[in-house]
Amino acid sequence: MSSRRPAFACTACGATHSKWSGRCDACGAWNSIVEEAGLAEGPSGRSLGPARGRRIALGDLADAEPPLPRALSGIAELDRVLGGGIVPGSAILVGGDPGIGKSTLLLQAAAAFARLGASAVYISGEEATAQVRLRAARLGLSDAPLRLAAETNLRDILTTLEAERPALAVIDSIQTMWSDHVDSAPGSVSQVRASAQELVTFAKRRGTAIVLVGHVTKDGQIAGPRVVEHMVDTVLYFEGERGHQFRILRAVKNRFGPADEIGVFEMTGTGLAEVQNPSALFLSERHAETSGSVVFAGIEGTRPLLVEIQALVAPAAPGSARRTVVGWDGGRLATVLAVLESRCGIAFGPSDVYLNVAGGLRITEPAADLAVAAALVSARQDIALPRDAVVFGEISLSGALRPAVQADARLREAAKLGFTAAFIPSGGPAPAANDLAIHPVADLAAFMDKCFGKIDR
Ligand SMILES: [Zn+2]
């Protein structure tokens, strides 16, 4: 058995291939495969041999574990996404589109961390120190005891970190790092992986928390953050739509806390500000009672969040009906449209359908189904739902509605923001008493009758 060296790698997902092709089998990306030198060899085929190792001490499931030590970053929204602060020795990847505000957020976090008395180092491979200092001055951070350098040579960076032993080191970005034992250009899959591996190993060995910044790349020439996701403890993505001032920090993987937790920030003149009440922010663009607009009472991570779902149904040119979705899953939209047609007789066939989650948020919860269906039919009929009502519930293929998890938390958030009514699936546990008028509905057809009366089908 010969272990052939794979000579090609996908810059989107990191899969290795023995030959070039236009499309990556592993992730489906087009034009993402590039030639790579110096990829690590696979298993050699030899066994471990007879030399004995150390005997491992086995424990019981009930043995008490001390709580993880954590250090607060000084930014509450970041700490909640991390699961309660930074775990020493952990490796954290922060990915996002270029220019979305990753460097600003991490400069603010590292400065806040340093101000709390912990030693923190910020290494920029993207910008000169003068540029970073200018940004720090603009953000009002110049007095923070944060140490700074502009460097891309990994060997020099590791030597420096070894001598300084900071509690936190930010590497901005992993794609600019260059390790002299790997024979390929910075930003290639093998360089990005090798550099991340060295930094993660350093984090574990010395107890320094390492934050790697990774740009989500579109051109396929530079490896994206996905190629190192499996090496780190925590993966955060910083999301937002250009033109919106909101930014969402989302945990997609977290060994030390819940995944799917989100933190909400607002881009301001003096940097990213934490948003204490995201529901109020996401509903702030809502005006008069309009058809096609429905408020979904959702849960993101551990936090209830109200968001507006907007739908528009417009006549289409013959034979070219479009389905356009922003912030939700296109396949899920097709399912909801199919259930509306088959179970309720409400067809959208010849019309263009546009669906939008307001504020640039991305929703993945199935509990949004009913709010989406309500927005679609509201837009089709040009009948507005009551402005002070929230909606949630999952739709099954039979048209039945399934209760959503954490109904009480959703209803409490709605009551807190001044809503007075809620349409929810029947059959779940009775909600705790609050000021909302609750309208339980068993299936989608009953919901449509209740909200929109007789619909021409
Ligand atoms: Zn791929």
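The largest cavity has a volume of about 90 Å³. A cavity here is a set of points, on a 1 Å grid over the protein atoms alone, where a 1.4 Å probe fits but cannot get out, and its lining residues have an atom within 4 Å of a point. The volume is the space filled by probe spheres set on the points, which are joined across faces, edges and corners. The structure is a predicted model, in which local features need pLDDT of at least 70 and side-chain atom pairs count only at pLDDT 80 or more, while totals for chains, interfaces and linings use all residues. Residues are numbered from 1 along each chain as its sequence is written, and side-chain values use heavy atoms, with hydrogens and water left out.

**Cavities**

- A search of the whole structure finds three cavities of 30 Å³ or more.
- The lining of the largest cavity consists of 14 residues, of which Leu78, Ile86, Leu106, Ala109 and Val211 are the closest to its centre.
- Two or more lining residues of the largest cavity come from each of β4 (91-96), α2 (102-115) and β7 (168-172); helices (H or I, at least four residues) and strands (E, at least two) are DSSP runs, numbered from the N terminus.
- Helix α2 provides the largest share of this lining, with four residues.
- The lining of the largest cavity has 13 nonpolar residues, one polar residue and no charged residues. In this classification Ala, Val, Leu, Ile, Met, Phe, Trp, Tyr, Cys and Pro count as nonpolar, Asp, Glu, Lys and Arg as charged, and the others, Gly among them, as polar.
- The second largest cavity has a volume of about 80 Å³. Its lining includes Arg286, His287, Glu289, Leu385 and Arg387.
- Strand β13 (residues 293-300) gives the largest share of the lining of the second largest cavity, three residues.
- By class, the lining of the second largest cavity has six nonpolar, three polar and three charged residues.

**Aromatic rings**

- Three aromatic pairs are found in a search of the whole structure. Rings of Phe, Tyr and Trp (its six-membered ring) pair if their centres lie within 6.5 Å; planes under 30 degrees apart count as stacked, over 60 as edge-to-face and the rest as tilted.
- One of these pairs is formed by Phe246 and Phe282, which are edge-to-face at 5.2 Å centre to centre, with 65° between the planes.
- This pair links distant parts of the chain, 36 residues apart: Phe246 belongs to strand β10 (residues 246-254) and Phe282 to helix α6 (residues 278-282).
- Phe246 counts as buried because its relative accessibility is 3%; buried means under 20% relative accessible area, exposed over 50%, and partly exposed in between (1.4 Å probe, protein chains only). Phe282 also counts as buried, at 1% relative accessibility.
- The ring centres of Phe423 and Phe447 are 5.6 Å apart and the planes stand at 90°, so this pair is edge-to-face.
- Phe423 lies in strand β20 (residues 421-425) and Phe447 in helix α10 (residues 444-452), so the pair ties together parts that are 24 residues apart in sequence. Both Phe423 and Phe447 are buried.

**Charges over rings**

- Arg380 lies over the face of Phe348, 5.8 Å from the ring centre. A charge sits over a ring if NZ of Lys or CZ of Arg is within 6 Å of the ring centre and within 35 degrees of the ring normal.
- The charged end of Arg410 is placed over the ring of Phe392, at 5.2 Å from its centre.

**Strand pairing**

- An open sheet is formed by three strands in the order β2-β1-β3, with antiparallel pairing; two strands pair if DSSP finds at least two bridges between them.
- At the edges stand β2 (16-17) and β3 (33-35), each with a single partner strand, so one side of each is left without a neighbour in the sheet.
- Strand β1 (residues 8-10) pairs with β3 in the antiparallel sense over three bridges, and Ala9 stands opposite Val34 in β3.
- Strands β11 (residues 262-268) and β12 (residues 271-274) pair in the antiparallel sense over four bridges. They form a hairpin with two residues between them.
- Glu266 has Ala273 in β12 as its bridge partner.

**Backbone features**

- Asp172 and Ser173 are joined by a cis peptide bond, with omega of about 5°.
- Asp260, although not a glycine, has a positive phi of about 75°. Asp260 lies in the loop between β10 and β11 and counts as partly exposed, at 46% relative accessibility.
- Asp382 is not a glycine, yet has a positive phi of about 55°. Asp382 is in the loop between α8 (369-381) and β17 (389-391) and counts as exposed, at 61% relative accessibility.

Note on methods
On a 1 Å grid over the protein atoms alone, a cavity is a set of points where a 1.4 Å probe fits but cannot get out, and a pocket is an open set with protein on both sides within 12 Å along at least five of seven lines; lining residues have an atom within 4 Å of a point.
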